[in-house]
Amino acid sequence: MISVGIRELKSHLSQYIELVKNGENVLITEHNRVVAELKYPEKENSDNNVQKILNQLASEGKLIPAKRKSTQISKIQKQNLTHKKQGDWWALYQDSKEDQF
């Protein structure tokens with residue numbers, strides 16, 4: 001584990017990022033006090049963790065899952081934008097309000 005001050009880190013950030021990519025943890029200090037840590041992300045896919053948390057919240061009744069997939073929503077939004085002028089913000093605003101419950 002390496003310790004580095006903020007000023008040194010700012011000056012040589014790319015070098016420290018390379019160390020992190022190679023598995024080294026870097027402690028960032030300010031006035032000889034650790035304020036942050038740089039480390040390589042865990043191998044486990046973070047999307048799976050998020051999905052597990054969302055599923056748990058849904059099973060507890062604390063979350064209502066979306067009915068449409070986000071890819072479908074973005075396609076619909078893109079189609080709507082192509083039919084309207086970009087400067088017509090009021091119509092876009094009104095359409096977004098209509099989509100709500």
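Colleague: Which residues does Val4 touch, not counting those up to four places away in sequence?
Modeller: This is a predicted model, and contact here means heavy atoms within 4.5 Å. With residues up to four places away in sequence left out, the residues that Val4 touches are Leu9, Tyr16, Val26, Leu27, Ile28 and Thr29.

Colleague: Which elements give two or more residues to the largest nonpolar core?
Modeller: The largest nonpolar core has 6 residues, and Val4 is one of them, together with Leu9, Tyr16, Val20, Val26 and Ile28. The elements that give two or more residues to this core are helix H2 (13-21) and S2.

Colleague: In what order do the strands of the open sheet lie, and with which pairing?
Modeller: S1 and S2 run parallel and are joined by 4 bridges, while S2 and strand S3 (residues 33-38) pair in the antiparallel sense over 5 bridges. Strand S1 (2-5) and S3 are the edge strands, each of which pairs on one side only. The open sheet of 3 strands therefore has mixed pairing and the order S1-S2-S3.

Colleague: At about what angle to S1 does H2 run?
Modeller: Angles are taken between N-to-C directions, from 0 to 180 degrees. H2 lies across S1, S2 and S3, and its angle to S1 is about 160°.

Colleague: Where in the protein chain is confidence lowest, and where is it highest?
Modeller: The mean pLDDT of the protein chain is 80, with 69% of its residues reaching 70 or more. Among its elements, helix H4 (residues 70-83) has the lowest confidence, at a mean of 63, whereas the highest, at 95, belongs to strand S2 (residues 26-30).

How values were computed. Residues are numbered from 1 along each chain as its sequence is written. This is a predicted model: local features need pLDDT of at least 70, side-chain atom pairs count only at pLDDT 80 or more; totals for chains, interfaces and linings use all residues. Side-chain values use heavy atoms; hydrogens and water are left out. pLDDT is the predictor's confidence in each residue, from 0 to 100. Two strands pair if DSSP finds at least two bridges between them. A nonpolar core is a set of buried Ala, Val, Leu, Ile, Met, Phe, Trp, Tyr and Cys residues joined through side-chain atoms within 4.5 Å. Buried means under 20% relative accessible area, exposed over 50%, partly exposed in between (1.4 Å probe, protein chains only).
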